[in-house]
Amino acid sequence: MLKYVLKRLGYILVTLWVIVTCTFFMMKNLPGTPFDAERFSIMTPQQQERVLEMYGLNDSLPMQYVKYIKNMLKGDLGTSFTYVNQDVSKVITGRLGPSALIGIQAVLIGLAIGLILGILAAWKHNSGIDYFTMILAVLGVSVPNFVAAALLQYYIGLKWGVLPVGFWTGWNCSVLPSIALSFSATAMVARFMRTEMLDVLDQDYIITARAKGLSQMKVLMRHAVRNSILPVVTILGPIVVNLMTGSLAVENIFSIPGIGSLFVDCIKANDYPVIMGITIFYAAFYMLIVLLVDLAYSLIDPRIRLAKGKES
Amino acid sequence: MDKSKIDRSMYQKAKVEASEKEHIAAPASTMLADAWIRLKKNKAAVVALFILVAIILLAIFAPIFSKYSFRDTDYNNVYGLPSAAHIFGADQFGRDLWVRTWMGTRISLMIALVAAILDLVVGVLYGAVSALFGGKVDAVMQRIIEVLVGIPSLIIVILFLMAFPAGVGTIIAALSITGWVNMARLVRAEILKLKNQEFVLASQVLGTSKFNIIMKDLIPNTVSVIVINVMFTIPSAIFTEAFLSFIGIGLAEPQASLGVLINGGYQVLRMYPHVLVFPAIVIVLIMVCFSILGDGLRDALDPQMRK
């Protein structure tokens, strides 16, 4: 177990290093500096030197790379170009709260509604609720999240006017974006749960449970749901990826001061240090989630052996 | 009942030709033909297939047969509502949205096609080579995959779009970096599973060449995995392009991808909802149809998986 975790952590580090190196050299090859060319040219050489040094741009490229890696290991990701004099790590952590709030809420909404729909759909197989769930599952993964978010904002936020849109003053501003973000998660969970439940309901032990006279409710809760709910853990990885992607668009649409909107803003403003910082953050976060999901699953379900993980 | 009509002569032993006994009356059916028969029974999948064909035909022919071009402006018809002349209305420069929507669909479908081909060529080859050669080759190739899998693909695509001029080519190139990884893993797992099965051993014992074993025994048995995976690659490629264009780092005006159009429509959603609605409907239709067809194909190609 420990060996497996260490091996996975090793891969994560190698992958991160590849990402950091690729993005670093890609960014350095891009045109543009953080400075206004006109104002920069009227500075004295000493001033130019001073400004370049502040952003660490006066070294040779390999030196800059070594310095960047060194500083990164100390948790220093450099200075932002657009947010003057601010550390990249400060800029990013400052934006973490809103993103985490709507992300967690979206996962919770997705899990709650998805699980209920999935269980009902499998229990009443081929009934109205089953078809409803399947249609919802297809729509949930097919309707692009930015379309869903735009429509929600327009109809519920503007026409109906019950929830605020377009600013960030407190929790009630996070409701609509969380709902918009949760659609794909709901669809994925509902669909997965339904398939799992149908599988479990086919098993012999369900027939045994029914034959020995357990009430429907007990069969459902004690035997069917308990056994089919575990594998849902495995799709948490893809769900988190979906949420990360979704947050880029949803945060922009609802003007949420989170990581997603920061990322898009910095891309448009060519703020390379922040872009790199967020890239590293996203990649590390994603890989840690996947690792945690794998570990959690092996703990919950003893039939899964991690040592065999590489075969799949 | 009239008993008198039944007489013994009606009950005679049928003659059975020894040669007829082993005769198979129905023509031999290939796996794909079987799958096609099963797919035809799935009404939702057939409808999805028809809608997709209609969308593809419209994307190819609608811009050709329209008298407008996707970049012609008409300032007398800014945000014109849908009418007989402009079926989907017009946008902020009075450009015909009917033509622009189908031009956008063209771009989306083109990206989807290239993504699918890349998936097929690179993914299948990588997976097959890795599984068949085994040993050190497999180990090295798997380590590379292991690193690539960890990279969130959207981030690579975004970085790529920053480093190179935004355009269809760049988006396709970006998608091709990580797009094939999943396919390679699936194909490798499938071939590893098949490689040691009895029918492959039987082929070997009968002296079939290695090449024929790959082409006749291994590839046909992985077709279902490959087809199904391609059907899920396509909508995700379409989504990625639309998504990038929507947040403003994919394609840009005057090119008309569905994402660009939806972004334009979103800006004026309050006043002119028609600008958003039509491209949004088209992209949702494409995604829904591909995903229903994908499900249908999965059931058709792999009946045991059916739920």
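Tutor: UniProt positions are given here in the numbering of this model, with shortened feature names, and an annotation may be inferred rather than shown by experiment. For chain B, an unreviewed UniProt entry lists "transmembrane region" at residues 44-65, 107-133, 145-164, 170-187, 225-251 and 271-297. This is a predicted model, where local features need pLDDT of at least 70 and side-chain atom pairs 80 or more, while totals for chains, interfaces and linings use all residues. Residues count from 1 along each chain as written, chains are lettered from A and ligands numbered from 1 in written order, and side-chain values use heavy atoms, without hydrogens or water.

Student: What makes residues 107-133 of chain B a helical span?

Tutor: Helices are DSSP runs of H or I with at least four residues, strands are E runs of at least two, and both are numbered from the N terminus. Residues 107-133 of chain B come out as 100% helix and 0% strand, with end C-alpha atoms 38 Å apart. For residues 271-297 of chain B it's 93% helix and 0% strand, and the ends lie 42 Å apart.

Student: What about residues 100-123 of chain A?

Tutor: That span is 100% helix and 0% strand, its end C-alpha atoms 34 Å apart. The unreviewed UniProt entry for chain A includes residues 100-123 among its "transmembrane region" spans.

Student: Why is Asn126(A) called partly exposed?

Tutor: Buried means under 20% relative accessible area, exposed over 50%, and partly exposed in between (1.4 Å probe, protein chains only). Asn126(A) has 48%, so it counts as partly exposed. You'll find Asn126(A) in the loop between α6 (96-123) and α7 (128-142) of chain A. Its phi is near 65°, a positive value in a residue other than glycine.

Student: And why does Ser255(A) count as partly exposed?

Tutor: Ser255(A) has a relative accessible area of 40%, so it's partly exposed. Ser255(A) sits in the loop between α12 (236-253) and α13 (259-269) of chain A, and its phi, near 50°, is positive although the residue isn't glycine.

Student: How many cavities of 30 Å³ or more are there, and what makes something a cavity?

Tutor: A cavity is a set of points on a 1 Å grid over the protein atoms alone where a 1.4 Å probe fits but cannot get out; lining residues have an atom within 4 Å of a point. There's one of 30 Å³ or more. The largest cavity holds about 60 Å³, a volume being the space filled by probe spheres set on the joined points.

Student: Which helix gives the largest share of its lining?

Tutor: α11(B), with four residues. Both α4 (97-133) and α11 (258-267) of chain B supply at least two. Among the lining residues are Tyr79(B), Asp91(B), Arg95(B) and Leu261(B).

Notes:
1 Å grid on protein atoms, 1.4 Å probe; cavity = no way out; pocket = protein on both sides within 12 Å on 5 of 7 lines; lining within 4 Å.
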